[in-house]
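Colleague: Please take a close look at one part of this model for me. I would like to hear about the salt bridges.

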Amino acid sequence: MATPQEILNMLGDDKIKMVDLKFIDMPGTWQHLTVYHNQIDESSFTDGVPFDGSSIRGWKAINESDMAMVLDPNTAWIDPFMKEPTLSVVCYIKEPRTGEPYNRCPRVIAQKAIDYLVASGVGDTAFFGPEAEFFIFDDVRFDQTTNAGYYYVDSVEGRWNTGKDEGPNLGHKPGYKGGYFPVPPTDTFQDIRTEMLLTMADCGVPIEKQHHEVATGGQSELGFRFGKMIEAADWLMTYKYVIKNVATKYGKSVTFMPKPVFGDNGSGMHTHQSIWKDGQPLFAGDKYAGLSETALHYIGGILKHAPALLALTNPSTNSYKRLVPGYEAPVNLAYSQGNRSASVRIPLSGDNPKAKRLEFRCPDATCNPYLAFAAMLCAGLDGIKNKIHPGEPLDKNIYELSPEELAKVPSTPGSLELALEALEQDHAFLTEPGVFTEDFIETWISYKLDTEVNPMRLRPHPYEFSLYYDA
């Protein structure tokens, strides 16, 4: 844990002259402002550094644009991608006129969720461990005009390139759904992923592993250790930043889009979570899969509110091209200790109660992690508060169920629009504890409809020409 004075001492030796202040906008993208080191003093950690917030997506109007970034000294690391030695610090946003945290700042919302956890008396710490998958491409092109619309992605690993004249084509390309875990030379990204992992460690992320993922075309995953909720969200943002910049260094491009490739597995972000109190885990017990009653009720809350949750955990129209039956997609709103098509899985943890946790498998990395984690925690706490039992586990092979049995298993929403409708109808579990405001929920829904759902609805899809051109 760093202190403001330690950061100031670091800046005072004149070796680091630039400070990069990072904050997250409403949809979930890091923004930044770089200042000369003498602009940072003790007040920067309490009152913040002023800036104009009128152009940040989903935030202020131009007539009320003054905002302040408050530095969190615990998030400081030397940015490995800057030519001049630069200290990177993550910030939360404050209203300079009132001195209050800004209620549309995602990091502020996440802190409110932790405050709610403590105030509830249930626990004092929420641990989260996201597993974000991504694709590494060699080429990506896309455009949308009045008379044309297309995308094109390519990877040297893509199975679709087995017949390409690469001068020469050496033939080592993972098959569709065949990317888990071939050794080199079929896995061509070993060294890149290792550099990504080690660079993350240099930025303070507690690293664990790296590997190729199921899909052909460069799908990959890096792993880092779980952390306290806000800490884990900070690490995930560092994860995405490092991976994209290391890929760029190698002349490649990374996307966290859930479904950039047709006909193969998409990229998710399975999210492990647990609650502790006074240093003791609360999810271990003598119920199903070694869970406690508290954990079962937490699952009950997640499953009850899942359709609304997905508006925050799976917030892109592309998310719902991954959440379809098949491809190991977690479309069934049920829980299981082994069934990967269930939306909640109980990972094996042996006899160690500290490792007992649940894994919500629906989310993907297009989400804003501060909002997604806060929403999941609120849903789980609502389940605990109201003793919502999740019902019977789904331990059967989903593909062997009869149509009658399958009809009894609820499914995830089929589109972002349906998830937003669910959020509009079901958000008291977010607003009544004071974590999210009605203003934020209304802004989120209107932003998503106006900038994503409705624009997508207006545009012809390339495949529609195959279906209907000769009608």
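Modeller: By the rule used here, the count comes to 17 salt bridges. Keep in mind that this is a predicted model.

Start with Asp-79 and Lys-22. Their side chains meet in a salt bridge, at 3.4 Å from N to O. This pair links distant parts of the chain. Asp-79 sits in the loop between strand 5 (77-78) and strand 6 (86-94), while Lys-22 belongs to strand 1 (residues 18-24). They are 57 residues apart. Asp-79 counts as buried because its relative accessibility is 3%, and buried means under 20%. Lys-22 is buried too, with a relative accessible area of 2%. The pair is also part of a network of salt bridges that links Asp-20, Lys-22 and Asp-79.

Next comes Arg-104, which forms a salt bridge with Asp-439. Their closest N and O atoms are 2.9 Å apart. Arg-104 lies in the loop between strand 6 and helix 2 (106-120), and Asp-439 in helix 11 (residues 438-458), so the bridge ties together parts that are 335 residues apart in sequence. Arg-104 is buried, with a relative accessible area of 15%. Asp-439 is partly exposed, at 32%.

Now take Arg-141 and Asp-139. Their side chains meet in a salt bridge of 3.3 Å, N to O. Arg-141 is partly exposed, with a relative accessible area of 40%. Asp-139 is partly exposed as well, at 28%.

Last, the charges overall. The protein chain has 43 positive and 62 negative side chains. The centres of the two sets lie 3 Å apart.

Methods: Residues are numbered from 1 along each chain as its sequence is written. This is a predicted model: local features need pLDDT of at least 70, side-chain atom pairs count only at pLDDT 80 or more; totals for chains, interfaces and linings use all residues. Side-chain values use heavy atoms; hydrogens and water are left out. Lys and Arg count as positive and Asp and Glu as negative; His and the chain ends are not counted. The place of a charge is taken as NZ of Lys, CZ of Arg, CG of Asp or CD of Glu. A salt bridge is a side-chain nitrogen of Lys or Arg within 4 Å of a carboxyl oxygen of Asp or Glu. Helices (H or I, at least four residues) and strands (E, at least two) are DSSP runs, numbered from the N terminus. Buried means under 20% relative accessible area, exposed over 50%, partly exposed in between (1.4 Å probe, protein chains only).
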